[in-house]
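Hi,

Here is the structure I promised to send over.

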Amino acid sequence: AEQEALIARLLAAGLGPSNAGGDDVRNLMLSPSAGIDPQMLFDTRPLAAQILATLENHPRFHELSAKFAVQLDGGEDLAMLEHHHDLWLSAFVRHGETLLAFGLAGCPGLDAPLAAVPLGQGLELVVAVLETFLDLATPEQMRMRHLPVDNVLSHLRLPLLPADGFTRPPSDASLQVGTYPQVQKNQFYVAALAPLGRLDPTMLKGAAQLASDYGDGTLRFTPWQGVLVPNVEKPHAVTERLAQLGFICSLGHPLARMIACTGSSGCAKGLADTKADAVQLAALQSGVEVHLSGCPRSCAAAHTAPVTLLAVSPGHYDLYFRDAAQPGFGRLHARTLSIEAAGALLRARPRSNTDD
Ligand code: SF4
């Protein structure tokens with residue numbers, strides 16, 4: 001009964017699906033600064049609402065895998081561009097017209113688009129791609145990467161334009177923390193990180209209170225395990241209070257660049273207590289983004305971090321450096337390091353080498 005009451009309250013707050021069958025398929029990623037980012041080429045929210053409604057209300061789409069994911073990128077400066085999606089759409093302007101370039105089984109930050117459609121056909125494109133996927137995929141083929149791209153493209157019943165001229169400027173990762181002006185005059189957004197992705201009820205209630213007191217009552221979550229309070233006129237007060245609540249409000253914070261999965265304290269697959277080890281490592285080194293993963297599933301990061309520590313036993317990790325030529329976590333650099341040894345190695349390593 002307790003669960004039912006909780007579910008009812010979440011649904012009443014608009015945090016659930018409009019029907020139970022549509023719950024798993026609502027995987028649509030937008031920029032956390034959608035509709036407020038000064039660099040955006042269009043406000044993605046109305047189209048996103050249409051895509052979500054279609055995913056939820058079109059029963060055939062409930063057959064999609066719960067991991068099937070779509071990204072809609074409006075060209076915002078603050079955006080996660082390296083998470084792979086089954087379908088991605090990204091805005092660009094050609095001859096004064098805003099178009100949506102798109103690609104399959106990839107992401108706008110790393111992959112070239114296949115083609116484009118006018119902005120007004122964004123919803124039609126999503127529907128056509130998903131229906132084509134379901135027409136062609138066998139039950140074993142759950143994700144777009146399991147199908148040949150040419151096959152999907154040749155079956156799309158939609159006129160396509162070339163994506164010539166598409167470029168996606170890199171997103172500015174520093175914007176995930178701090179105060180930034182919005183496209184709306186005299187309005188700011190304040191972004192902060194939850195340390196190692198953990199929010200307790202006091203932090204969440206406090207952030208919600210800030211959104212009511214200083215913003216428009218809305219709170220956004222970011223792909224960097226943080227929150228964003230939009231539409232604020234007095235950002236200093238918000239930042240101060242977020243810091244008091246335990247949020248990371250500056251990239252100089254030792255935990256700002258640490259990512260850790262649940263680890264052995266909460267996951268049976270975890271070979272080490274990644275979150276506690278991350279706290280220990282943060283005290284030993286700073287400046288490099290490090291991802292501690294309790295096992296190869298990499299739940300905490302869909303992208304490859306510059307440095308990955310993969311647990312092998314309690315307190316011990318294999319160390320990988322990101323390497324575009326190697327799949328997965330990158331190049332294996334050292335095995336079975338203690339946190340002290342990993343910290344010493346990262347401290348001694350020139351910064352320029354960690355991103356090769
Ligand atoms: S990466 Fe492995 S250990 Fe960490 S939360 Fe996922 S399954 Fe558990």
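**Notes on helix α5 and its surroundings**

At the start of α5, a side-chain oxygen of D200 comes to within 3.1 Å of the backbone nitrogen of T202. Before you read on: this is a predicted model, where local features need pLDDT of at least 70 and side-chain atom pairs count only at pLDDT 80 or more, while totals for chains, interfaces and linings use all residues. Residues are numbered from 1 along each chain as its sequence is written, and side-chain values use heavy atoms, with hydrogens and water left out.

Which of its residues are buried? They are M203, G206, A207, L210 and A211 (buried means under 20% relative accessible area, exposed over 50%, partly exposed in between, with a 1.4 Å probe and protein chains only). These residues cover an arc of only 140° around the axis, so they sit on the same side of α5 (the arc is that of the directions from the helix axis to the C-beta atoms). P201, T202 and K205, on the other side, are exposed. The cover over the buried residues includes β9 (226-232) and α6 (235-245).

G246 lies in the loop between α6 and β10 (258-260). G246 counts as partly exposed because its relative accessibility is 33%. Leaving aside residues up to four places away in sequence, G246 touches P195 and M203 (contact means heavy atoms within 4.5 Å).

Cheers

Note on methods. Helix = DSSP H or I, 4+ residues; strand = E, 2+ residues; numbered from the N terminus. Polar contact = N/O pair within 3.5 Å; in protein donor to acceptor, adjacent residues only side chain to side chain.
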